[in-house]
Amino acid sequence: MTGKFAPGARVEIRDEEWVIRRVDPTMNHGDQLTCEGISELVRGKEAIFLTKFEDKIQILDPKLTKLVQDKSPQFSQSLLFIESQLRQSTPNDLKIHIAKEAAMDVVEYQLVPTYQALKQPRQRILIADAVGLGKTLEAGILVTELIQRGRSKRILVLTLKSMMTQFQKEFWNRFSIPLIRLDSNGLQRVRGRIPTNHNPFYYYDKSIISIDTLKQDNEFKSYLDKAYWDIIVIDEVHNVADRGTSSQRTELAQLLSRKSDTLIMLSATPHDGKAKSFASLMNMLDPTAISDPNNYVKADFADKGLVVRRFKHDIKDQVKSEFKDRKVFSLKHQASAQEELAYDALLKVPFTVKGQYNSEKPGQLVRIGLQKALFSSPAACLKSVEQRIKTLKAKDELITAAVEQELDHLQSLKDCLEQIDVSAFTKYTKLIVLFKSADFDWDKRNPEDRIVIFSERIETLNFLENALTRDLGLKADQIEKLHGKMDDIAQQAIVEKFSKREEKVRVLLCSDVASEGINLHHLSHRLVHFDLPWSLMVFQQRNGRVDRYGQTQEPEIYYLITESANETIRGDVRILEILQEKDDQAYKNIGDPATFLGVYDVVKEEELIANAMLTMQAEDFDAQYTTQTEPNEGDDILADFFSAFDDDVVEEIQPQTPQQNFKLFECEYEFAKRALSYLNKDQRRIAVEFDDAIKQIKLTAPEDLKQKFKAYPPEIYPKNGNFILTEDKNTYMEVVKASRNEEDSWPKEHYLWKRHPVAEWLQERMLGNTGRNEALVIGLNTQLEKDEAIYLVSALIPNRKAHPVIWEWYAVHTKGNHISKIESLQEMLNVYGPLLKKAPNTGAPVNLDHLQNLRSVVVDGVIEEVLKKKVSFDEVMQPKLAEQLEKLSGLKGKQEQQLQFDFNQGLESVAQSKKEAKQRYIDQVFKEYEVWIKDTWQTESSPYIQLIAVIAATQN
C-alpha cells in the first residue's frame with residue numbers, strides 16, 4: 001500500500017518496521033521521513049529516509065493487521081499500547097491542552113498570547129508585556145502547546161549573551177524543553193563533533209544562541225540560510241528592529257524570520273516611536289502585512305492579532321500575591337567642597353570643535369558628555385578627561401591657541417578630580433551610610449539579602465568594587481561585577497552565581513548590560529542606582545531586575561542624588577530627578593514611562609535629556625513633560641495591531657478549557673510504573689524503584705535512554721544516569737527553587753509529566769510492544785455477547801505539509817458479521833474504561849478468525865466516517881482559504897503599487913535593476929505565503945487508518 005505519509009503511520013522500509021515521527025518536504029518533490037525503529041533489530045533507533053531514494057516504502061495495510069490475543073496480566077500490554085497511541089494524537093483546535101500542567105503557577109493572563117496565536121493561520125506573535133510580567137513563561141506556554149500539536153520538533157531561541165543560561169533553565173525547569181546552549185563552549189563542542197562542512201544547526205533540534213554570536217560569524221549566515229525550524233523565538237527583539245541604519249542584527253533577524261513557521265518575539269519596549277521601526281518587526285512576523293512602512297493602513301493588518309501587550313495595572317487583579325508594591329527612596333546629599341571645585345572647573349573648560357572654541361551646541365555637548373561621567377563618579381570623569389586630552393594632543397595640525405587653552409583647563413579639571421578622595425566623594429559616603437544604617441538593616445551574612453548596584457560606567461564599577469570591599473569588609477568572592485566587555489561565558493557565570501544561595505557573593509555591581517531581561521530577584525529585593533539613568537526606559541529596565549513576577553519581598557529601589565550649589569549643575573541634576581519622578585508616576589498610573597518623553601529609544605532619550613540640559617530650565621522641562629505626550633507613529637501602529645483583537649481573546653479564555661477525558665491511567669506516575677514494570681516483566685532489565693506514597697520513581701537509564709539524552713543539554717542528565725522523577729508539581733517546584741543553591745544549580749529531580757523525555761521514551765517503547773502490523777485483542781468474559789466485539793481504530797488525515805489536521809479515534813461495535821455502531825473512542829471508554837482498568841486477564845481463548853474476517857468491514861466503515869469529517873472540515877476551510885488568498889492578492893497589489901510609486905518618485909537610485917530585485921522579492925514572499933496557506937489548510941484525500949486493538953468476548 002502506498003500513499004501520503006503522515007506522522008504516526010507504521011511503515012516497512014528496508015525490511016524493518018518503523019513509526020513515522022515527522023514528515024518534511026524536500027526540494028526534489030519528495031519527503032524526508034524521520035522514523036523510529038519498532039522491529040527488533042532497529043528498536044529505539046532513529047533514522048531519516050528520503051522517499052525519492054528508497055526503492056520501497058510500504059504503509060502497512062490496516063485490513064491486513066494481524067490480531068493477536070493479549071496474554072499479559074491485567075491486559076497491561078494492550079492498555080499501555082492504547083494509551084501510547086492516544087498520546088500520539090495531536091489536537092488541531094484553539095484549546096489549552098497541556099500547558100497548565102507545566103511546573104508553574106499558571107495565571108490566566110499568561111495564556112492570552114497562546115490563545116491569540118492559535119487563532120492565526122501561522123503562530124507569529126510579538127509578546128510586548130511590560131518588564132517583569134513573565135514573557136519567557138508566556139513564550140514557553142505557547143511552545144508547549146505547539147509541541148503538543150506536533151509542530152515544534154526544531155526550535156531556535158535567540159537571546160542576549162547574559163541571558164542564555166537563564167532562558168535555557170526556564171524552558172527546561174518549567175516546560176521540560178531541552179535547549180542546547182550554543183555559547184562559546186557549546187559551539188566549540190559541536191564543531192569538534194561534526195565534519196567541517198556540516199551544518200551545525202542540523203546537529204541539534206533545539207538550541208539557544210546569542211544573536212551577537214551569530215552576527216559576528218559570517219560562516220553561520222550561510223548555515224542559517226540553509227536551515228529551517230518549526231519555531232524561532234527572538235528575545236529582546238527591539239534590538240533587531242530597523243532603525244534606518246544598516247544593522248547586522250536586523251539583517252540576521254530578517255533572514256531568520258523566513259526560516260520558521262512559528263516566530264515568537266519578546267520585548268517590553270517594542271518600538272522607538274517611529275512607525276517604520278515597529279513596522280519592520282511586524283513585517284518580520286508577516287511580510288505581507290504592510291506595503292509601505294511609512295504609510296500603513298489599519299485594515300491591512302487589524303485582524304492578524306500579531307501583538308499582545310499588558311502592564312501591571314492591567315493584570316494586577318489576577319496576581320495580587322505575586323506582585324509586591326515597590327518602595328522608592330531618594331537619598332539626597334550636599335556635594336563636598338572638592339566636588340564643587342570639580343563642577344566649577346568643568347563648566348569653565350572652553351571646549352573646541354575642529355581646533356576652534358565653540359560655545360554653541362557642538363561644544364557644549366562635549367561638556368555634557370564629561371558632566372555625565374562626573375555624575376557617575378570622579379573615576380569615570382577622570383578617564384574621560386584623559387581620553388579627551390589624548391585625543392586633542394593626537395591632532396598635531398589642530399593644536400591651535402584655542403586647543404591649548406582647552407588643554408590647560410582640562411588639566412585643571414583633572415587636578416580637581418584627583419583631589420576627590422573617598423571621603424570627599426559624597427555619593428559614595430552616602431552609600432556607605434545607607435549600608436550601615438539600622439533602617440537598611442543589611443546583614444552581609446544573610447545569603448537571601450543581596451544588593452544590586454547599577455552604574456553606567458565601568459570605571460565607576462571598578463571604583464565601587466575596590467572601595468566597598470575595603471569599607472564593608474567584603475571578601476573578594478562577596479562582590480562581583482557584570483558588564484558588557486565580559487564574554488558570554490563570564491556573564492552567564494556571574495548571573496548564575498548571584499542566584500545561588502550557597503555562593504558567597506552579596507553585592508552585584510552592574511552596568512546596563514544587566515538591565516535587560518536578567519532575573520536578579522531570587523535572592524535580592526534591593527536595588528541601588530549609584531548614578532541616575534538619562535533614560536526612562538533604562539529606569540524601567542533596571543528596576544525590573546528585582547521588581548518582577550515571582551518576587552516574594554517588597555522591592556526597595558534607592559536613588560543617590562548629589563545636590564550642588566552651582567546653579568547649572570543643580571538644574572541639570574534636577575532634570576534627572578524629574579525623570580526619576582516620571583518613572584515612579586508611570587509605575588503607579590500609566591505603566592509605560594517612555595510615554596512621557598515619547599521617543600521610545602534609549603539613545604534618543606539620552607540625547608533629549610542632553611539637549612534639555614543645554615536649552616531648558618528644569619521647571620520648563622517638568623512642565624513640558626508633565627503628562628503623557630501626544631500619541632506618536634509608534635503608539636498608533638502598536639495600538640492598531642492589538643486593540644481590535646485583545647478583547648475577544650480574553651472573553652474566550654474560560655470556554656477554551658478542554659474537558660477532562662477518561663484516562664486509562666489515573667496519572668503519569670501510574671502510566672510510568674505500569675510501563676516500567678511491563679518492560680521488566682520477564683527479567684529485571686531496568687533498575688527502578690517506586691515510592692507510591694509520594695509518587696516518586698528512581699530509575700537508572702538503560703542504554704536507549706542514555707542515547708536519547710545525548711541530543712539534550714548535558715546539564716540535565718543526572719549523575720550516573722540515576723533519575724529521580726516526581727509527579728507532584730509543588731514538590732518539584734520546591735526542588736527547582738532549592739537547586740539555585742546547589743553547585744551546578746540544575747534540579748537534581750525531574751518533573752514527571754507527559755512532556756518529560758523519560759515519559760516520551762516510555763511512550764515510544766510502548767508503541768513498539770506489538771509485532772509488525774499487529775493489533776492486540778483484549779478478551780473479556782463479561783459485558784459482551786459471544787458475537788460482539790469493539791474495534792479501536794485511529795483515523796488521520798494530514799494536510800499537504802504532512803501535519804495531522806483531522807485525527808479521530810473510533811470505537812467500532814460489531815455484532816455477528818456486521819457493524820452495529822460507530823462511536824467516538826471517548827464515548828466507549830466512558831462505559832468500558834473502568835472495566836478495562838480492573839478486569840483480570842483469564843487467558844480464555846477468543847475467536848480470532850472471526851475477528852480477522854471483519855477487518856475490512858471495520859476499516860471501510862471508519863474511512864466513510866472520517867471522510868465525513870473531512871468534508872465538514874473542507875466546507876469550513878475552503879471559504880477561509882479563498883478569503884486568505886484574496887487578501888494576499890490585494891496586499892500584493894498594494895505592495896506593487898507602492899513599488900511603482902517609489903520608482904516614479906525616483907527613490908530607486910539604481911532604477912530598473914533595483915525595481916526588478918524588489919519585484920522578485922515581493923513575488924517570492926507572496927508565493928511562499930500562498931504555498932504555505934494552501935499546504936496548511938488543504939487536506940490530503942486519503943486517510944491513514946490504524947487498527948489499534950480489539951475488545952472481544954471470550955469463548956467460555
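**Salt bridges, strand pairing and a helix contact**

In this predicted model, R574 and E581 form a salt bridge in which the closest N and O atoms are 2.9 Å apart. Both partners fall in the intermediate class of accessibility: R574 is partly exposed, with a relative accessible area of 26%, and E581 is likewise partly exposed, at 34%.

A second salt bridge joins the side chains of K582 and D622, with an N to O distance of 3.1 Å. This pair links distant parts of the chain, since K582 belongs to helix 19 (residues 567–590) and D622 to helix 22 (residues 618–624), 40 residues apart. K582 has a relative accessible area of 6% and is therefore buried, the cut-off being under 20%. D622, in contrast, has a relative accessible area of 25% and is partly exposed.

The side chains of K815 and D787 also meet in a salt bridge, at 3.3 Å from N to O. K815 is partly exposed at 39% relative accessibility, and D787 is partly exposed with a relative accessible area of 31%.

Apart from these pairs, E12, D15, E16 and R772 are linked in a network of salt bridges. The count for the model comes to 57 salt bridges.

Strand 11 (residues 229–234) is mostly covered, six of its six residues being buried. Strand 11 pairs with two strands described here. With strand 8 (residues 155–159), strand 11 runs parallel and is joined by four bridges; within strand 11, I232 stands opposite L156. With strand 12 (residues 260–266), the pairing is again in the parallel sense and extends over five bridges. Here I234 stands opposite M265 of strand 12.

A contact between helices was also examined. Two packed helices are described by the angle between their axes and the distance between the axes. The axes of helix 4 (residues 164–175) and helix 17 (residues 488–498) come within 8 Å and cross at roughly 55°. Helix 4 is therefore oblique to helix 17. On the side of helix 4 the contact is made by M164, T165, Q166 and K169, and on the side of helix 17 by Q492, V495 and E496. The residues of this contact comprise two nonpolar, three polar and two charged.

Key: Residues are numbered from 1 along each chain as its sequence is written. This is a predicted model: local features need pLDDT of at least 70, side-chain atom pairs count only at pLDDT 80 or more; totals for chains, interfaces and linings use all residues. Side-chain values use heavy atoms; hydrogens and water are left out. Axes are lines fitted to C-alpha atoms, for helices over the stretch in contact, and angles run from 0 to 180 degrees between N-to-C directions. Angles under 35 degrees count as roughly parallel, over 145 as roughly antiparallel, 65 to 115 as roughly perpendicular and the rest as oblique. Contact means heavy atoms within 4.5 Å. Ala, Val, Leu, Ile, Met, Phe, Trp, Tyr, Cys and Pro count as nonpolar, Asp, Glu, Lys and Arg as charged, and the others, Gly among them, as polar. Buried means under 20% relative accessible area, exposed over 50%, partly exposed in between (1.4 Å probe, protein chains only). Two strands pair if DSSP finds at least two bridges between them. A salt bridge is a side-chain nitrogen of Lys or Arg within 4 Å of a carboxyl oxygen of Asp or Glu.
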